[in-house]
Amino acid sequence: MTKLPAEAYAIIEGKHSDPFRYLGLHSEGGHSVVRAFIPEASNVEAVGEHGETAQLERLHDAGLFAGALPNGSKRYQLRARFGENVVELDDPYRFPPVLSDFDLYLLGEGTHRRIYDKLGAHPMTLDGVEGVAFVVLAPNAKAVNVVGDFNFWNARRHPMRVRGVGYWELFVPHARAGDRYKFDITGPDGRHLPLKSDPVAFAAELRPSTASVVVDETRIPKPRPAPSGINAQEAPISIYEVHLGSWRRKHGNEWLSYRDLAEQLPAYAKDMGFTHIEFLPVSEHPFDGSWGYQPTGLYAPTSRFGTPEDFSALVDACHREGLGVWLDWVPGHFPDDPHGLGYFDGTALYEHANPMQGRHLDWGTLIYNYGRTEVVNFLVSNALFWLDRYGVDGLRVDAVASMLYLDYSRPAGEWIPNRHGGRENLEAIEFLRRFNIEVFGHFPDASTAAEESTAWPQVSQPVEYGGLGFGFKWNMGWMHDTLKYIGKDPIYRKHHHGDVLFGLHYAFSENFILPLSHDEVVHGKRSILGRMPGDEWQRFANLRAYYSFMFGHPGKKLLFMGCEFGQEREWNHDQSLDWHLLAQHRHTGIQNLIRDLNRLYRAVPALHQMDCNQAGFEWVITHDSGNNVFAWLRKGLDPHARCLVVVNFSPNVYRDYRVRVPFAGNWKEVLNSDSAHYGGSNVGNVGTVHPLEGSIPELSLTIPPLAAIFLVPES
């Protein structure tokens, strides 16, 4: 055989960073030469534009062939023999580049906001041939090969070429939607890495398999839009938080599919009066027990429940019922599974190399390097992807506190200060600001929410005013204080009156959401009902009073699935909610109350229009710790839009309880959590309450035990 150049051996060994330089059609010495690398082929011919053929010489037994192209043709195919089979092939190395020079410029600059249009796997037609274009970032790799169903998972058949600052690309003729694939990467030290899934894959195999799956995005119908203004600060926002795998299950404990959920979940949430559904993370993840919070495929709806088309149908069904859709989004960390992002190109590409920066001690996961242009571009584009391709209406960002602080959950001496010597993660701060700028800039009707558990200032204030730019922030302090209060026996609550009052000192410092989330019903914390003290009647009465207090309190609302009917046990992600409890009146009573609270919250402007504005709230009774009574006014934009909320956290009935009101005239009791319809004792004010005579408008109320009442002025 002819002595071969080093480039030929690089092709044979799968280590060439630009196989187009050697393979494909080349002009050499005034002649057109075709080189092809087809392992296992015993014979290869080049077939010209008009069917003429030319035998290619075998240069190496590994499958390297070369020869003249017949009659100077510019387009050609290859005809290869494998045993008794003869196959006609389109040569991947005769096609033009996938990425344009402008793409490479934007990618290198970190301003390509739609990397999902270029990276990943995209079915397309090039030069009249159907196939799939593959692009992946691996700047430190020596070689990258795409392997999959289209090449029998042979790592030597489709070496990719590198362009720009490390983007490897290849158009593979006749690959198609539905093909599974991965990347075979040789690291900078020459070692082969475990096969890697595509970071920008749009679908993946069902765990425990980990291959990426080619998706024809043109076949994914875009959901209809949600109602206009659904995320506005002055709008009612009541969120039903859902884990798709355990909301309901089929007989045999099987998951509901996205299509099954589309038939049941939106209609239920609408009937319950919620305005939004928030899904726990739907991005692909290997471990069910992570609930999606350790994702490996940020661009792929998990295959547990169906295809991307099926997920799109679920979003569409929610919008059809008038519901907004928010997703939990996890840019704070990722797992170190060998097929995932960790050590992706043989170096710490997505994460920090130093474990004091790059690994979470609590979760054993890796931390993104927010100082790297390509990483920020990857994450910001992912946020835009869900809003663009699937029409979702908001993103709730998980574990923001862990991103903001370099010493988050770290002992002294085991973290690296920033360039000023402080504990703030300056790169993460800039990333979060850019994320919010891009989201609101491209999708002004969308919103974002931060799960941020510290006193970091201005989380939900605009970036131009020094804030992080989120639309809303979860009020974790309110949640902790009030759950602590309601969990105490009423006889002790007078000593903890401040737990309820304290939240109003900062209630308008951010645009708050009041969260009773999945985190509060797991890991030994018990269900929300399980935290309530007293006998059976008192437990349910306490729960009704607490939920009513929440809906009367300033701030948007979030309730985890099952809480709306008083789930007794802790949430278990491997089982359905305990829907059988609705056979019992006390549980249907809780469900009826949540339905009516949601409807009241939406119907009464005073309860939602100024949720995030100090002018929308006024204390009426704060000092009655001995009786465990609180009262306040909620105010709407109209000067006459008012709602009086009175909450009794004691088991006593109070009659002729005097409460001042801003207007003379009759007031109507529009909701009483002690109603028999909700499982209560039916103590109350029988509809209309007439004011007492006197110069100061005042009502004489009957306040039911462990209950809340809502009153509005009659027109």
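This passage describes the fold of one protein chain, from its overall build to selected local features. The model is predicted; local features need pLDDT of at least 70, side-chain atom pairs count only at pLDDT 80 or more, and totals for chains, interfaces and linings use all residues. Residues are numbered from 1 along each chain as its sequence is written, and side-chain values use heavy atoms, without hydrogens and water.

The protein chain contains 13 helices and 33 strands. Helices (H or I, at least four residues) and strands (E, at least two) are DSSP runs, numbered from the N terminus. Along the principal axes, the C-alpha atoms fill a box of roughly 110 × 55 × 45 Å. The chain has 715 residues, and 61% of them count as buried. Here buried means under 20% relative accessible area, exposed means over 50%, and partly exposed lies in between (1.4 Å probe, protein chains only). The chain exposes about 26,900 Å². Carbon and sulfur atoms supply 50% of that area. Accessible areas come from the Shrake-Rupley method with a 1.4 Å probe; for residues, only the protein chains shown count as cover.

Contacts (heavy atoms within 4.5 Å) were examined by sequence separation. Among contacts with a separation of 6 or more, 70% are between residues 24 or more positions apart. The chain carries 67 positive and 86 negative charges, and their mean positions are 1 Å apart. Lys and Arg count as positive and Asp and Glu as negative, while His and the chain ends are not counted. Each charge is placed at NZ of Lys, CZ of Arg, CG of Asp or CD of Glu.

Eight strands form a closed barrel in the order E16-E17-E20-E21-E22-E23-E24-E25, with parallel pairing. From one strand to the next, the twist averages 25°. Two strands pair if DSSP finds at least two bridges between them. Strand E16 (residues 238-242) and strand E25 (residues 556-560) run parallel and are joined by four bridges. Within this pair, Tyr 240 stands opposite Leu 559 in E25. Helix H6 (residues 373-389) packs on the sheet and touches strand E20 (324-329) and strand E21 (394-397). The direction of H6 makes about 155° with that of E20. Axes are lines fitted to C-alpha atoms, for helices over the stretch in contact, and angles run from 0 to 180 degrees between N-to-C directions.

A second sheet is open. Its six strands follow the order E26-E27-E28-E33-E30-E31, with antiparallel pairing. Strand E26 (617-621) and strand E31 (688-689) are the edge strands, each pairing on one side only. Five bridges link the antiparallel strands E30 (residues 667-672) and E33 (residues 707-713). Leu 671 has Phe 710 in E33 as its bridge partner. Helix H13 (residues 585-603) packs on this sheet, touching E30 and E33. Its direction makes about 140° with that of E30.

Some backbone details lie in loops. Arg 207 and Pro 208 are joined by a cis peptide bond, with omega about 10°. Pro 208 sits in the loop between strand E14 (180-186) and strand E15 (212-213). Asn 253 is not a glycine, yet its phi is positive, about 60°. Asn 253 belongs to the loop between E16 and helix H3 (258-271). Asn 253 counts as partly exposed because its relative accessibility is 40%. Gln 458 also has a positive phi, near 60°, in a residue other than glycine. The loop between strand E22 (447-450) and strand E23 (472-474) holds Gln 458. With a relative accessible area of 32%, Gln 458 is partly exposed.
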